[in-house]
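Visitor: I've got a model open here and I'd like to talk it through with you. Could you put it up so that we're both looking at it?

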Amino acid sequence: MTASTRAAAGVSVFVVDDHELFRSGVRSELSRTCRIVGDAGTVEQAVAGIVRADPDVVLLDVHMPAGGGRGVIDGVRAEGSRAQFLALSVSDAAEDVIGIIRAGARGYVTKSISADELVAAVQRVHDGDVVFSPRLAGFVLDAFASEADQPIDPELDLLTARERETLRFIARGYTYKEVASELHISVKTVETHVSAVLRKLQLSNRYELTRWASDRRLV
Amino acid sequence: MCEHAAMAQVSVPRARTTMDGAPRPRLERSRSDRVIGGVASGIGHHLGVEPTTVRVAFVLLSLAFGFGIVVYLLTWLLAPLEAAEPAANPVAQRVFRPTLSQALGAALILVGVVIVLFVSGFWFGEAFAWPVTLGAIGFAILWARSGEDRRGRSAVDVVISGRRSITRVAIGSLLILGAMTIFLANSYSLSTAGPMLLAALVAIGGLGLIGGPWIWSVGRDLIDERSSRIRTEERAEMAAHLHDSVLQTLALIQRAPAPREMASLARTQERELRAWLYGRAPTLAGARLRDAIDSMAGRAERDQQVKVEAIVVGDADLDERARALVAAVGEATLNAGRHSGATEVSVYVEVEDDAISAYVRDHGTGFEPEAVATDRRGIADSIVGRMERHGGTAQVNSRPGAGTEIVMRLPRKPA
């Protein structure tokens, strides 16, 4: 995911993180390419601020007191906002990643992501695409690995061969563009595949997914 | 952070729900609303019924061959006392201590009952009354608990674990044994007391031999379970704390335009700390492939000062062949860090039914595999050679300017 593929010019961004220092760091990094319309350190402030500022993309910390990232997503959705969420966290535990995606985030990146990559991810989420980091791809492959248990809804509970292949390339560190050229398909098709996977991730009742989410009491 | 909330919930029991879907409080003896042991109001609270109703039910049940009393005592023993709300209500927190007049009243009622029994001809005789009295006192001592350590624990817990209760158990047991002896001695002539005692001892010994190991292991399990729960909770608390402080700082340092060494150090320490905080408990079977890959990635990050994103799907035992694969992956990672010029190396390992596949990829300068094959001994010996010796394959895909990927594959069963 190189930044050169797209410029995130003019995308309005709202930053939610309970760490002041981290917020200001992200603000200064993004302010060159994006329009920062606000930030917040608590769930309550975040919901009010996002509803007021109506940003395109919300950068959302997974862990926050009183509700966490999920609290923000639920609160904002209840107010009918159309903002997209990109989760940003120092945690790389499977239950965090799966949980926040199931709550409605359109992607997940870790806080060690470079500034350029972060800008590219923001743009991608703004365009309606999803951001699949290698780690998220790994978790999904793990969660959908066992074929043994009976799928209740094969449409949602199983990955197609093509989706699996795409995820494998992403987990191996390939960019969407590189995946497209390896599989002889267009970048748009790659995006269609990962969007389909995200949808399955959010809607499937596979045992592994519900277990991860319920470990964190996210469902 | 939300981990606080999630982890605090570890100790909270899973709430069952009543039929209308509202969460049902768990069965705990009440601290504040109690006539004897707080059992009735506890049950009432649990079922959503007036405590008085429960009390009347207990009295009625007691008329049926004492059934109510038995149920009451069992519930008293098994249900934990509700947790005290700190400083919220000092009166409710106070352990129930009867005042003088209450004690006097209870004693008078008891005397009255005895007199009624005596007069109405139901008196069992001294041979029965004294052992019963002694036994009752012993029982009371055995199960009475000091006020400090009974929070949220059932009586069985306390007697099994409390060190301070040993004296109490000893005295209580002695009293009960004494009561049994008196009863036996009174019921049978002294000449038969010897054989009786012997028979009793044999019976007790036999029961001990049969049930002893089981009781011992149950006690052991309880203690083990408790101490492991305490350890887990301590670790969860520490994880929540460190997550809010150190992990955030380390993430920040990596973002700052700091010297490469400093960022690398922060990354390594973050990885180590994270492995300890969120790590899986070590399995008895020994190390697993996933852990080996993770620690390999940590070493490569430290030595080469590149970021290594290691992703493992599935897991396998770390046998000799898997070790060889890890070593080859490690060599490939070092190569990428040393020669490619890339700042990040992606490692992906997938365990399938028939084989383990590993990919080491960088977006660096790349090279012409044919041209440098001779001087890159690392790739020839440590990667390709090692994989082939263990029945696997390794393939180098690289083009100048397009980065490098080394693909390794190891069949699960030797070919």
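Visitor: Which residues touch the most other members of the largest nonpolar core?

Guide: Bear in mind that this is a predicted model. The largest nonpolar core counts 106 residues, and its largest share, eight residues, comes from α14(B). The residues that touch the most other members are L86(A), I293(B), V329(B) and V347(B).

Visitor: Let's stay with V329(B). Which residues does V329(B) touch, leaving aside those up to four places away in sequence?

Guide: V329(B) sits in α14(B), on the side that meets α13(B). Its contacts include I293(B) and M296(B), both of them α13(B) residues that meet α14(B). With those up to four places away set aside, V329(B) touches I293(B), M296(B), V347(B), V349(B), A358(B), V360(B) and M408(B).

Visitor: Are α13(B) and α14(B) roughly parallel or roughly antiparallel?

Guide: α13 of chain B covers residues 289-304 and α14 of chain B covers residues 320-339. They pack with their axes 10 Å apart, at an angle of about 25°. Angles under 35 degrees count as roughly parallel, so α13(B) is, relative to α14(B), roughly parallel.

Visitor: And is the crossing of α13(B) and α14(B) left-handed or right-handed?

Guide: On the α13(B) side the residues include L289(B), A292(B) and A300(B), and on the α14(B) side they include A322(B), G330(B) and G337(B). By class, the contact has nine nonpolar, four polar and one charged residues. As for the hand of the crossing, it's right-handed.

Visitor: Now the two chains. Which element gives the largest share of the side of chain B that touches chain A?

Guide: The contact takes in 22 residues of chain B and 24 residues of chain A. On the chain B side, the elements giving two or more residues are α1, α11, β3, β4 and β5. By class, that side has eleven nonpolar, seven polar and four charged residues. The largest share is six residues, and it comes from α11(B).

Visitor: What percentage of the residues in chain A are buried?

Guide: Chain A has eleven helices and six strands. Of its contacts with a separation of 6 or more, 68% are between residues 24 or more positions apart. Out of 219 residues in chain A, the buried share is 52%.

Visitor: And what percentage of the residues in chain B are buried?

Guide: Chain B has 16 helices and seven strands. Among its contacts between residues at least 6 apart in sequence, 64% join residues at least 24 apart. Out of 415 residues in chain B, the buried share is 26%.

Terms used. Residues numbered from 1 in each chain as written. Chains lettered and ligands numbered in written order. Predicted model: local features only at pLDDT ≥ 70, side-chain atom pairs only at ≥ 80, totals over all residues. Axes fitted to C-alpha atoms, helices over the stretch in contact; angles between N-to-C directions. Helix = DSSP H or I, 4+ residues; strand = E, 2+ residues; numbered from the N terminus. Parallel < 35°, antiparallel > 145°, perpendicular 65-115°, else oblique. Left-handed = near helix turned anticlockwise from the far one by under 90°. Contact = placed C-beta atoms within 7 Å. Nonpolar A, V, L, I, M, F, W, Y, C, P; charged D, E, K, R; others polar. Core = buried A, V, L, I, M, F, W, Y, C linked by C-beta atoms within 7 Å. Buried ≥ 20, exposed ≤ 12 C-beta atoms within 10 Å, placed from the backbone.
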